[in-house]
Amino acid sequence: MNIAVVILNWNGKALLEQFLPSVVTYSKGATIYVADNASTDASVPFLKANYPDVKIIQNKENGGYAKGYNDALRYVEEDIYCLLNSDIEVTPNWLTPILDTFNTDNETAIIQPKILDYKDKTKFEYAGAAGGFIDKYGYPYCRGRLFDTIEEDTNQYPNASIFWASGACFFIRKSTFRALHGFDDTFFAHMEEIDLCWRAFNYGYNTKYIGESTVYHVGGATLNAGSPRKTYLNFRNSLFTITKNADGNLLSLILTRLVLDGVAATKFLFSLKFKHILAILKAHLSFYKHLNSLLKARKQSPHKANYFTKKSVVWSYFVDKKRNFNQL
């Protein structure tokens with residue numbers, strides 16, 4: 001199988017300068033692409049001057065992560081796509097165990113490597129850690145990361161089937177990506193990879209974590225954790241995801257999530273983070289605006305039960321005070 005490493009870039013010349021060298025050095029045999037989301041900085045001239053072997057796809061607009069990759073991957077014909085954030089340092093032989101798995105396991109369609117923190121390489125990184133799961137109410141969590149609690153990596157998490165793979169370093173078969181019609185453009189950014197993995201699950205595809213492959217992620221290079229814009233996208237896109245994909249009584253699930261979102265807004269109120277409260281309100285308004293199209297998408301795909309491994313990770317974390325995935 002051949003593989004394309006596709007880095008989405010928007011005004012990220014400094015990140016390309018810092019992290020592209022490791023990708024070029026340790027990705028022998030792969031075709032490297034930079035999908036540029038209509039950058040206004042010197043990203044494209046920098047690439048042309050310094051990396052003539054890196055292929056450049058220039059998108060006409062900044063459609064965010066979802067549309068950016070959808071637009072670019074129409075021009076990428078390798079068998080395996082690696083969607084790689086521009087703020088990731090890769091390691092020697094990082095592609096080998098991934099390709100070995102794809103070659104020997106026909107049922108696996110999506111893979112995530114071990115994602116560690118670039119700033120503290122002994123710890124997992126927030127965005128994906130050792131593979132993602134989701135609870136009954138649609139809240140994502142990871143082996144190695146529950147909410148804001150990050151575990152040290154002691155090789156405690158073996159290779160395994162997982163529910164979702166991080167978009168920071170996301171491997172998928174081209175055939176699967178196209179069969180599922182790629183990412184949902186309406187997400188723009190955040191949780192679009194969970195939506196895609198959930199759709200893959202509903203159609204019977206398997207997602208895996210392969211810990212022999214390691215990458216280091218800076219995280220927050222586009223939107224930091226304290227950004228109201230990130231709050232808006234996370235709350236809105238979470239509602240989008242469960243509406244489209246969750247099995248069971250959707251009305252009950254949505255009402256429960258709206259109540260829990262209200263609890264989160266109250267927490268922001270006591271923290272005097274008023275912009276985040278407004279972000280949640282805007283997220284709900286956008287959800288109502290898109291509800292008809294979300295329900296239409298829901299009708300067009302199957303829904304499988306048993307997608308969650310924990311009834312409520314929120315209760316486990318905030319009430320039972322469990323801070324480690326293995327305690328769940």
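This is a predicted model: local features need pLDDT of at least 70, side-chain atom pairs count only at pLDDT 80 or more; totals for chains, interfaces and linings use all residues.
Figure 1. Strand β14 covers residues 206-217, and strand β13 covers residues 169-173.

**Figure 2. Strand β6 pairs with β14, β13 and β7.** Nine bridges link β6 to β14, and these two run parallel. The pairing of β6 with β13 is antiparallel and rests on two bridges. Two bridges also join β6 to β7, residues 120-124, again in the antiparallel sense.

**Figure 3. β6 and β7 form a hairpin.** Two residues lie between the strands. Asp117 has Asp120 of β7 as its bridge partner. The pairing of β6 and β7 is antiparallel.

**Figure 4. Cys82 and Cys169 are not joined by a disulfide.** A disulfide is a covalent bond between the sulfur atoms of two cysteines. The cut-off applied here is a sulfur pair within 2.5 Å. By this rule the model has zero disulfides. The nearest cysteine sulfur to Cys82 is that of Cys169, 4.3 Å away. Seen from Cys169, which is likewise in no disulfide, the nearest cysteine sulfur is that of Cys82, at 4.3 Å. Are these cysteines buried or exposed? Cys82 has 0% relative accessibility and so counts as buried. Cys169 also counts as buried, because its relative accessibility is 0%.

**Figure 5. Helix α8 spans residues 250-270.** The helix has 21 residues. From first C-alpha to last, α8 reaches 31 Å, close to the 30 Å expected at 1.5 Å a residue. At the N-terminal end, Asn249 caps the helix. A side-chain oxygen of Asn249 lies 3.2 Å from the backbone nitrogen of Leu251. Just after α8, Leu272 takes a positive phi of about 60°.

**Figure 6. Helix α8 has a buried side and a face turned away from it.** The buried residues are Leu250, Leu253, Ile254, Arg257, Leu258, Asp261, Ala265 and Phe268. They cover an arc of only 135° around the axis, so they sit on the same side of α8. What do these buried residues pack against? Their partners are α7, residues 228-245, and α9, residues 274-299. The face turned away from the buried side carries exposed residues: Val259, Val263, Lys267 and Phe270.

**Figure 7. Tyr126 sits in the loop between β7 and β8.** Strand β8 covers residues 132-134. Tyr126 counts as partly exposed, because its relative accessibility is 38%. Which residues does Tyr126 touch, not counting residues up to four places away in sequence? The contacts are Cys142, Arg145, Phe147, Asp148 and Ile150. Tyr126 and Asp148 are 22 residues apart in sequence. In space, their C-alpha atoms are 7.5 Å apart.

**Figure 8. Ala129 has a positive phi.** The value is about 45°, although Ala129 is not a glycine. Ala129 is placed in the loop between β7 and β8. Is Ala129 buried or exposed? At 0% relative accessibility, Ala129 counts as buried.

**Figure 9. His181 has a positive phi.** Phi is near 65° in His181, a residue other than glycine. Where does His181 lie? The residue is in the loop between α5, residues 174-179, and α6, residues 192-202. His181 counts as exposed, because its relative accessibility is 69%.

Methods
Residues are numbered from 1 along each chain as its sequence is written. Side-chain values use heavy atoms; hydrogens and water are left out. Buried means under 20% relative accessible area, exposed over 50%, partly exposed in between (1.4 Å probe, protein chains only). Two strands pair if DSSP finds at least two bridges between them. Helices (H or I, at least four residues) and strands (E, at least two) are DSSP runs, numbered from the N terminus. The expected span of a helix is 1.5 Å times one less than its number of residues. The arc is that of the directions from the helix axis to the C-beta atoms. Contact means heavy atoms within 4.5 Å. A polar contact is a pair of N or O atoms within 3.5 Å; within protein, one must be able to donate a hydrogen and the other to accept it, and residues adjacent in sequence count only if both atoms are side-chain atoms.
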